[in-house]
Each structure stands twice: as structure tokens, then as C-alpha cells.
Amino acid sequence: MRSGGHRAGGVLAALVAGALALTGCDAVGGDSAGPTADASSARPSPKPTPEWDRSPESLAAVGDSITRGFDACGVLSDCPEVSWATGDSAEVNSLAVRLLGRSGAAERSWNYAVSGARMADLPGQMARAAARRPELVTVMTGANDACRATTAQMTPVAEFRADFEDALRTLRRTAPKAQVYVASVPNLMRLWSQGRGNPLGKQVWKLGICPSMLDDADALDTAATLRRETVLKRVEDYNAVLEEVCAKDRRCRFDGGAVYEYRFGTDQLSHWDWFHPSKNGQARLAEIAYRTVTARQSPS
């Protein structure tokens, strides 16, 4: 934790300078031959391709600022080297490093996530990822759809569903056998409850981080409580969509709500904005993803 009036003032000055053009949560927000009839001449059939390969050999990531490592290394900047999905940081031990090894991750993983992206941006990202013909695509998006200036501006659930379905169709047109790991949207209420205890964090939030959840961080009146509960319900609805749509694709795995249920503490939050994952938080996300991808059965 960083504290002290002089240092806090310097950090806030830097944040104000860089945050004016940013908005929302990211504004500070994968045919076997059968046996022949003649058993005497039959040869062993090739091993069929598994429906879910637990050791894919290439990986592409799509999503938003979390997958870009935003605010994990410095103020108001991406830090893809600590990305839970594709980073090369030893502190994080990303999914790509765990699956491919460090040299393999450098050669066969690609990060197409964009800070500030919402679900509507996913089809375009997916098209770029599919062009690489990866064996696995990771998806983590949706927080920015809930992190809007007001609850009225949150992405409608029907639109969220349509865009996610479009993204998967886009992938399947170019990479029909690619596997997909889908992370649930984090519990934004949990992030509020953890970060609100830090005075500097609350000052940074005033620059425009996820106002639908974080505005008036100390307010506990009926209106503020209803606003936060409305955001939480929308996140839960988004996660239901991610699970339902993914379940219709036999090469897709949802994390079973593991990211949503993870109890992020202050050690897992950026000490720049007290909202995005820190390096420690990125490592926890990598653990969840690796556990899901390598499990014998889908958790959902």
C-alpha cells in the first residue's frame, strides 16, 4: 500500500492528467477411422481427437483491461507482460506460460484485448484472434458493460447475449476447432467493498472509475445501495449469459463462476486504482484459468 500526503498528491496529479479522456470501468477503465470388417487385416484406429484438449499448443486472448494488465505495473497504463492470459512475468506465471512454457508462450500466444472494450467489441477482437488459428482462445469481458456512468447506460442483457453469440460465430468461421475458455465477470460489489477502505483509492475513483458502482463510495443510503445492487444483478445476468451461450458450444468452457466468486482482497488489487487486479491478482486469475482449462471435466 502506498500512503503519505506528498506521495498521494503526486500520484493524483498524474492520474488527473491521464484520466480525462478515459471513461467507464477501464477508464482509469480446438475423423477417426473405424475398424475394418476383416479383423485379420485390421490396423489400430488413430486415436480420436478429444473434444476438449487439456494441453493446447497455442493461445490467443481477447477481452478488456484486465487481460491487458492495466494499472498492474504503473499508473494509467497497460502492462501486458503481467497479463493472466499471455504475460511472461515470473510473478504471474500466466496461463500461456503454464501451458506452453516460457519460450512457447513468447512464440505461440497473442493478446488482442483492449482496455475499455465492451462485449460489442468482442466480435472484432475474435476475428483478429481467429486469424492466428489458435488452439485456445481466452475470453474475459463484461465488466465495462456494467461499469457505465449510470445504471441506465449499462449494456442490456439481450444485446450482451447477441454480441457474445456473434463473437463465437466469428471464431467458428475461421477456427472451427479452437477451444474457448470463458471467465466470469468479477463481482464488482466485492471490489467496491475492498477498495473503499483506502483513502487514496477513493480519490482515484472520483476520476471516473466504474461510476455506476464506485460513485459516492462511502454513501450507504437507500439510493446508493439500490444502485450498487442493480449493477451487481446485471453482472450476475451477464454471467448467466456467458454460461448459457458457452454451454451450446462443445468446445467452450465457462469457469463455473470462479472469477466472480473469487474473494479479491487488497493484495489482489492495483495499488494505483484499487480496482483492477494487481500482479498478485493477475496470478490468481491465471490459476483459475489453468485449473479450468486442464480439468478433466468442465466446471459448469
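Trainee: In which helix is Leu191 found?

Mentor: This is a predicted model. In it, Leu191 belongs to helix H7, residues 188-195.

Trainee: Is Leu191 buried or exposed?

Mentor: Burial is read from the relative accessible area, with buried meaning under 20%. Leu191 has a value of 6%, so Leu191 is buried.

Trainee: Which residues does Leu191 touch, not counting residues up to four places away in sequence?

Mentor: On that count, Leu191 touches Trp205, Phe264, Leu269, Trp274 and Phe275. Pro277 lies 86 residues from Leu191 along the chain, and their C-alpha atoms are separated by 9.7 Å.

Trainee: How do I read the packing of H7 and H10, and at what angle do their axes cross?

Mentor: Two packed helices are described by the angle and the distance between their axes. The axes of H7 and H10 (residues 222-247) cross at roughly 135° and come within 8 Å. That angle makes H7 oblique to H10. H7 contributes Leu188, Met189 and Trp192 to the contact, while H10 contributes Arg228, Glu229, Val231, Leu232 and Val235. Six of these contact residues are nonpolar, two are charged and none is polar.

Trainee: Which residues of strand S1 point one way, and which the other?

Mentor: In a regular strand the side chains alternate between the two faces of the sheet. In S1, Leu59, Ala61 and Gly63 point one way, Ala60 and Val62 the other, and all are buried.

Trainee: Which strands are joined to S1 by bridges?

Mentor: S1 runs parallel to S2 (residues 109-111), with three bridges between them; here Ala61 stands opposite Asn111. S1 also runs parallel to S3 (residues 136-140), with five bridges, and Gly63 has Met140 as its bridge partner there.

How values were computed: Residues numbered from 1 in each chain as written. Predicted model: local features only at pLDDT ≥ 70, side-chain atom pairs only at ≥ 80, totals over all residues. Heavy atoms only, no water. Helix = DSSP H or I, 4+ residues; strand = E, 2+ residues; numbered from the N terminus. Buried < 20%, exposed > 50% of the residue type's maximum accessible area, 1.4 Å probe, protein only. Contact = heavy atoms within 4.5 Å. Axes fitted to C-alpha atoms, helices over the stretch in contact; angles between N-to-C directions. Parallel < 35°, antiparallel > 145°, perpendicular 65-115°, else oblique. Nonpolar A, V, L, I, M, F, W, Y, C, P; charged D, E, K, R; others polar. Pairing = 2+ DSSP bridges.
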